[in-house]
Amino acid sequence: TWRAAIDTSILPFVTSTWVLGYLAPQSGVFLSWGELLVHSASPRLFLSTAPAAGGISLHANPIPNLPALAGQIAWSQGLLFGPGLLMLTNGVELRLR
């Protein structure tokens, strides 16, 4: 199982978070809610949503036990949602070993 946590304590009005995983990274695309660091035109590998409760948002997703996935890379980025808020997080490269 893949697990991630997004700390939302500095933004107490965040209601949920998403973590998106794509096949390719991207940089230099600036939007009003931050820099997009995943290439949204590449295949999306996963989408995880979780409520933000107590200043932390916990994500957990099963990973199939398939040898063919060894070495697979996903480029991920979080998205914070709340009343009048849409904000991108830093990006993370995920590599299955």
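Predicted model: local features only at pLDDT ≥ 70, side-chain atom pairs only at ≥ 80, totals over all residues.

Quick definition before anything else: when I say strand, I mean a DSSP run of E, at least two residues, numbered from the N terminus. With that in hand, Gly54 falls in the loop between strand 5 and strand 6, and strand 6 is 56-61.

A compact globule with 97 residues would have a radius of gyration near 13 Å, and the chain comes out at 14 Å, which agrees. On contacts: take those between residues at least 6 apart in sequence, and 63% of them join residues at least 24 apart. Buried residues make up 29% of the 97. The chain exposes about 6,000 Å², with carbon and sulfur atoms supplying 61% of that.

Four strands form an open sheet, in the order 5-2-7-8, with antiparallel pairing. Strand 5, residues 44-51, and strand 8 are the edges, each pairing on one side only. From one strand to the next, the twist averages 15 degrees.

Let's walk in from the strand 8 side. Strand 7 is residues 73-82, strand 8 is 85-95, and they pair antiparallel over nine bridges. Across that pairing, Leu80 stands opposite Met87. The two strands make a hairpin with two residues between them, and Gly84 in the turn has a positive phi of about 70 degrees. On to strand 2, residues 16-22: seven bridges join strand 2 to strand 7, again antiparallel. One place to look there is Gly21, whose bridge partner in strand 7 is Ser76.

Which residues make up the largest nonpolar core? There are eight: Trp2, Ile6, Leu11, Val14, Val19, Ala52, Leu80 and Leu85. Beyond four places in sequence, Val14 touches Thr8, Ala52, Leu80, Phe81, Gly82 and Leu85. There's also a second, separate core of six residues, including Tyr22, Leu36, Val38 and Leu88. As a general point, nonpolar side chains in soluble globular proteins tend to be buried together.

Is Gly54 buried or exposed? Exposed counts as over 50%, and Gly54 sits at 84% relative accessibility, so exposed it is. If you draw a line from Gly54 to Ser76, they're 22 residues apart along the chain and their C-alpha atoms are separated by 23 Å.

Then there's Ser57, over in strand 6. Buried means under 20%, and Ser57 has a relative accessible area of 0%, so Ser57 is buried. What is Ser57 in contact with, leaving aside neighbours within four places in sequence? Ala4, Ala5, Ile6, Thr17, Ala50, Pro51 and Ala52. As for Leu80, Ser57 is 23 residues away from it in sequence, and 9.6 Å away in space, C-alpha to C-alpha.

That's my tour, over to you.

Methods
Residues numbered from 1 in each chain as written. Heavy atoms only, no water. Core = buried A, V, L, I, M, F, W, Y, C linked by side-chain atoms within 4.5 Å. Buried < 20%, exposed > 50% of the residue type's maximum accessible area, 1.4 Å probe, protein only. Contact = heavy atoms within 4.5 Å. Pairing = 2+ DSSP bridges. Rg over C-alpha atoms; globule rule 2.2 N^0.38 Å. Areas by Shrake-Rupley, 256 points an atom, 1.4 Å probe, with all protein chains shown as cover. Axes fitted to C-alpha atoms, helices over the stretch in contact; angles between N-to-C directions.
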